[in-house]
Amino acid sequence: MAARDRQRIDKWLFFARAVKSRSLAAKLVVAGRVRINRDKASQASAQVKPGDVLTITLERRIFVWKVLNAGVRRGPAEEARTLYEDMSPPPVPKGDALPDAIPALREAGSGRPTKRERRQTDRLIGED
């Protein structure tokens, strides 16, 4: 494996268009949101090579990418897609809500108390 096959993780993330700038890529790595072959990358200077599997956590999404090539430049999106193979699990459809996330049913008109009801409650509790 030649030295030209290896590349800094921050440069590679920038060339692969995972982030908008190289400094954001470095911050992402230092924050512990990038793993190289299941090991947390602690420095932006960590090296990646073809065959490495990256786990990248961005906001609410998790990407699992297999490195295919080292990048040469930040080119168009089609060129960036040649740097990796996307092995991410498919995203959960928005319509599929978890059973825990179903809101409780209530009678119509029984939402927030009116000002009058709140005052009555305050009087009952003794906070008047």
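Five aromatic pairs turn up in a search of the whole structure, where rings of Phe, Tyr and Trp (its six-membered ring) pair if their centres lie within 6.5 Å, and planes under 30 degrees apart count as stacked, over 60 as edge-to-face and the rest as tilted. This is a predicted model: local features need pLDDT of at least 70, side-chain atom pairs count only at pLDDT 80 or more, and totals for chains, interfaces and linings use all residues. Residues are numbered from 1 along each chain as its sequence is written, and side-chain values use heavy atoms, with hydrogens and water left out.

Select Phe 63 and Trp 65. Their rings make a tilted pair, 5.5 Å centre to centre with 45 degrees between the planes. Phe 63 is buried (under 20% relative accessible area; exposed is over 50%, partly exposed in between; 1.4 Å probe, protein chains only), at 14%. Trp 65 is also buried, at 5%.

With Trp 65 it forms a stacked pair: 3.9 Å between centres, 10 degrees between planes. Trp 65 sits in strand β6 (residues 61-67) and Tyr 84 in strand β7 (residues 84-86), so this pair ties together parts 19 residues apart in sequence. Strands here are DSSP runs (E, at least two residues), numbered from the N terminus. Tyr 84 is buried at 15% relative accessibility.

Now show the strands. An open sheet of five has the order β3-β2-β5-β6-β7, paired antiparallel; two strands pair if DSSP finds at least two bridges between them. At the edges are β3 (39-40) and β7, each pairing on one side only.

Finish at β2 (residues 34-36) and β5 (residues 53-58), antiparallel strands joined by three bridges. Select Arg 35: its bridge partner in β5 is Thr 55.

Key
Helices (H or I, at least four residues) and strands (E, at least two) are DSSP runs, numbered from the N terminus.
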